[in-house]
Amino acid sequence: MNRWLEGRRALVVGAGSGIGRAVVDAFLDEGARVAVLELSREKCEAISETYPDMPVVAGDATTFAANQEAVAAAVDAFGGLDVLVSCVGIFDFYKGISELDADVLDSAFDEMFNINVKSHLMSVKAALPALEAAGRDHGTSIILTESTSAYYPGRGGILYVPSKFAVRGAVTSLAHELAARKIRVNGVAPGGTLNTDLRGLDSLGLNDKRLDDTPGREKELAGRVPLGVALSGEDHAWSYVFLASDRARGITGDVVHPDGGIAVKR
Ligand SMILES: NC(=O)c1ccc[n+]([C@@H]2O[C@H](COP(=O)([O-])OP(=O)(O)OC[C@H]3O[C@@H](n4cnc5c(N)ncnc54)[C@H](O)[C@@H]3O)[C@@H](O)[C@H]2O)c1
C-alpha cells in the first residue's frame, strides 16, 4: 500500500482534541512518525495511553521553551523533523467590540493574539533549525490552522476574526521568506467543525464554554454551507495529509478550504 506520509517525521502542536487529534491519527495511518505538544496534561495522558511510544510534551505553545522541548523530543526520537502542524486556537464566541469594556478588550486581545497567533510563530521559530537540517530535496512543510474566519466576517467576533486573518498573513509571509530554504508553508481553513473541544477566552470568563456544546450545532453547520455537510476533524485531517505530502511539493503560500463551499454561497 502506498501511504502518503511514509517515513515523514512530524510535530503536531495543539494535538489533544478536535482537529489536531484527528491530524495525529491520520498522519500515523499514512505512515508518519508523530510527536505532540499540547497544553492540557489530561489530553497528553490520553494520547500517551493510546500511543505509548509517542513523544508527548505537555506545555504552553505560546512559549518558545515549550516548543523547543517538543522539537527536541521529536528530533531525539525520529532523528529529524520534516513537518510542523499547529492546531492551537481559542474562540471569542462572536463578541463584538460594542460588547467589550475597554479594560476587557485590552486583556482579551492579548490572550487571543498570544494563543491564536504568537503560538504559531513560536512553533515555527523553534522548528526552523530542524526543518532546515532535514534538507529534503522536495522540501519540508509547515501547516498552520486558519478558519473561514480568516476570509469572512460573522463566524467569530472582533478578536477571533482578526486573529485568523493574522494567521493567514503569517502563512503568506512565512511562505515568502522560507521558500528559498525549501520549506513550504500552507494553511488549512476549516469551516465550523463538530466534535472539538474549542473553548472561549479566559479573560472573557468563557474558559468552560465549548463551541461544540451549542444546541443544534450539527444541523446549523450543515444548513449554512452549499454542500449541506457538517464536517469534523477527521474530514479536515486529509487536507493536512495532502499538504504535508510530496503530492503538494509545488504548493506554498496557499490554503485548503474544507468548509462545505462557503466561497460559492449565494
Ligand atoms: N471548531 C471549529 O469550529 C473550528 C473552525 C475553524 C477553525 N478552527 C481552528 O482549528 C484549530 C483547532 O481547533 P479545534 O476546534 O480542534 O479545538 P480544540 O480545542 O479541540 O483543539 C485545540 C487544542 O489546542 C490546545 N491548546 C490550546 N492552547 C494551547 C497552548 N497555548 N499550547 C498548547 N496547546 C494548546 C487545546 O488544549 C486543544 O487540545 C484552532 O486553531 C481553531 O481556531 C476551529
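Trainee: Which residue is the bridge partner of Ile 142 in β6?
Mentor: That is Val 185. A word on the source: this is a predicted model, where local features need pLDDT of at least 70, side-chain atom pairs count only at pLDDT 80 or more, and totals for chains, interfaces and linings use all residues. Residues are numbered from 1 along each chain as its sequence is written.

Trainee: What makes β5 and β6 a pair?
Mentor: Two strands pair if DSSP finds at least two bridges between them. Strand β5 (residues 140-145) and strand β6 (residues 183-188) have six bridges in the parallel sense, so they meet that definition. The strands themselves are DSSP runs of E with at least two residues, helices are runs of H or I with at least four, and both are numbered from the N terminus.

Trainee: Why are β3 and β9 said to stand at the edges?
Mentor: The open sheet has seven strands in the order β3-β2-β1-β4-β5-β6-β9, with parallel pairing. β3 and β9 (255-256) each have a single partner strand, so one side of each lacks a neighbour in the sheet.

Trainee: What do β1, α1 and β2 make?
Mentor: They make a right-handed β-α-β unit. The term applies if, with the strands pointing away from the viewer, the path from the first strand over the helix to the second runs clockwise. Five bridges join β1 (residues 9-13) to β2 in parallel, with Ala 10 partnered by Val 34.

Trainee: Which residues come nearest to the ligand?
Mentor: Gly 14, Gly 16, Gly 18, Gly 89 and Thr 196 do, of the 29 residues around the ligand. Here, near means that the C-beta atom, placed from the backbone, lies within 6 Å. Two or more residues come from each of α1 (18-29), β2 (33-38) and α4 (102-134), and α1 gives the most, with three.
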